[in-house]
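Biologist: Hi, could you walk me through this one? I'd like to start with a contact question.

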Amino acid sequence: MQVWTRALAVWSACAEAAFALPLAWVLHRQEFFNPAFLSDVNGGWQTPDSFYTVAVAGVLAVGAGEVVKRFREARG
């Protein structure tokens, strides 16, 4: 079992932000998938904007949940 200190929780939060924020930005700008690839795969069906909105919210929610979890573990 990992023993979390406040300093480790801060570093973990920084690492989580370094991963989650760029991923959320790429998803928000709808640049994660090549549109030509999506068109070939799904027969011309356009991915709705709501899909990307939900994906961004999911990435940010998971990231925030992990940060909260680490700080709670550090608190003891």
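Biologist: Which residues does S12 touch, leaving out those up to four places away in sequence?

Modeller: S12 touches W4 and R70, where contact means heavy atoms within 4.5 Å. Bear in mind that this is a predicted model: local features need pLDDT of at least 70, side-chain atom pairs count only at pLDDT 80 or more, and totals for chains, interfaces and linings use all residues. Residues are numbered from 1 along each chain as its sequence is written, and side-chain values use heavy atoms, with hydrogens and water left out.

Biologist: Is S12 buried or exposed?

Modeller: S12 is buried, at a relative accessible area of 18%. Buried means under 20%, exposed over 50%, and partly exposed in between (1.4 Å probe, protein chains only). S12 sits in helix α1; helices are DSSP runs of H or I with at least four residues, numbered from the N terminus.

Biologist: And which residues of α3 are buried?

Modeller: Those are Y52, A55, V56, V59, G63 and R70. Their cover includes α1 (6–28) and α2 (35–42).

Biologist: What about E66, how accessible is that?

Modeller: E66, also a residue of α3, counts as partly exposed because its relative accessibility is 28%. The C-alpha atoms of E66 and C14 are separated by 11 Å, though the two are 52 residues apart along the chain.

Biologist: New topic: what span should α3 have?

Modeller: Helix α3 has 27 residues (49–75) and should span 39 Å, taking 1.5 Å times one less than the number of residues. The end C-alpha atoms are 39 Å apart, which agrees.

Biologist: What comes just after α3?

Modeller: G76, with a positive phi of about 95 degrees.

Methods:
Helices (H or I, at least four residues) and strands (E, at least two) are DSSP runs, numbered from the N terminus.
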